[in-house]
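Student: Before we discuss this protein, could you show me what we will be working with?

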Amino acid sequence: MVSGKKAAQLLDRAEKAVLVWTILGLAVIGCIEVFTRYALNFSFTWYEELARYLGVFVCFLGAAAGVRTGSHFTMDLFVSRAGRPWRQLLKGGTAVLSGAFFLLVAWYSWKIVGRMHGYGTTSPAMGLPMYLVYLPIPVFSLVMGLRYFAGGLAALRELGQDAGGGRNT
């Protein structure tokens, strides 16, 4: 049986690999499209549509990876100057609020995906079902929400441990 830590490492590696290969594939297809358009005077009808959909996929997958690594832009002037208990409380609170926001995004975008599935619409050039195009939004919003909640709860747990140990530096 795979341990939780090992499963998380495996998921992180898969996330990075999918992100790298998707971006690389998008770049290769883009180079081929530019070459065929200008050298051969021929253009693929599906490329722009695929590029748009892969861009959305990469955006949300990259955002989820950014939550995992803590690399998103933050404005932490007040947080960094606050004392330890307040800093932990503010970090934990903002992470929990961010998690709640992304869980709401996941919930409402999942409703949109369900509607798109019911409508049976397809994309114009590739004929993809549109619910598949919208699917990365709720999936990776859910991942971001859960990761923010985990980070927020960890920060608040540290606050509780500090209060129990009497360390308020």
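The questions below concern a pocket and a helix pair in this predicted model.

Student: How much space lies in the largest pocket, and which residues are the closest to its centre?

Tutor: The space in the largest pocket comes to about 720 Å³. Its lining is made up of 28 residues, and the closest to the centre of the pocket are Gly 70, Thr 74, Lys 91, Ala 95 and Tyr 148.

Student: Which element gives the most to the lining of the largest pocket?

Tutor: Two or more lining residues come from each of α1 (4–39), α2 (47–69), α4 (84–119) and α6 (136–165). By class, the lining divides into ten nonpolar, twelve polar and six charged residues. The element that gives the most, with seven residues, is α4.

Student: How are α1 and α2 oriented to each other, roughly parallel or roughly antiparallel?

Tutor: The axes of these two helices, α1 and α2, come within 10 Å and cross at roughly 155°. Angles over 145 degrees count as roughly antiparallel, and therefore α1 is, relative to α2, roughly antiparallel.

Student: What is the handedness of the crossing of α1 and α2, and how many nonpolar residues does their contact have?

Tutor: The crossing of α1 and α2 is left-handed. In their contact, residues of α1 including Leu 19, Ile 23 and Leu 26 meet residues of α2, among them Leu 54, Phe 57 and Leu 61. Three polar and seven charged residues also belong to the contact of α1 with α2, and its nonpolar residues number 14.

Definitions and conventions
Residues are numbered from 1 along each chain as its sequence is written. This is a predicted model: local features need pLDDT of at least 70, side-chain atom pairs count only at pLDDT 80 or more; totals for chains, interfaces and linings use all residues. Side-chain values use heavy atoms; hydrogens and water are left out. On a 1 Å grid over the protein atoms alone, a cavity is a set of points where a 1.4 Å probe fits but cannot get out, and a pocket is an open set with protein on both sides within 12 Å along at least five of seven lines; lining residues have an atom within 4 Å of a point. Grid points are joined across faces, edges and corners, and a volume is the space filled by probe spheres set on the points. Helices (H or I, at least four residues) and strands (E, at least two) are DSSP runs, numbered from the N terminus. Ala, Val, Leu, Ile, Met, Phe, Trp, Tyr, Cys and Pro count as nonpolar, Asp, Glu, Lys and Arg as charged, and the others, Gly among them, as polar. Axes are lines fitted to C-alpha atoms, for helices over the stretch in contact, and angles run from 0 to 180 degrees between N-to-C directions. Angles under 35 degrees count as roughly parallel, over 145 as roughly antiparallel, 65 to 115 as roughly perpendicular and the rest as oblique. A crossing is left-handed if the near helix is turned anticlockwise from the far one by less than a right angle, and right-handed if clockwise. Contact means heavy atoms within 4.5 Å.
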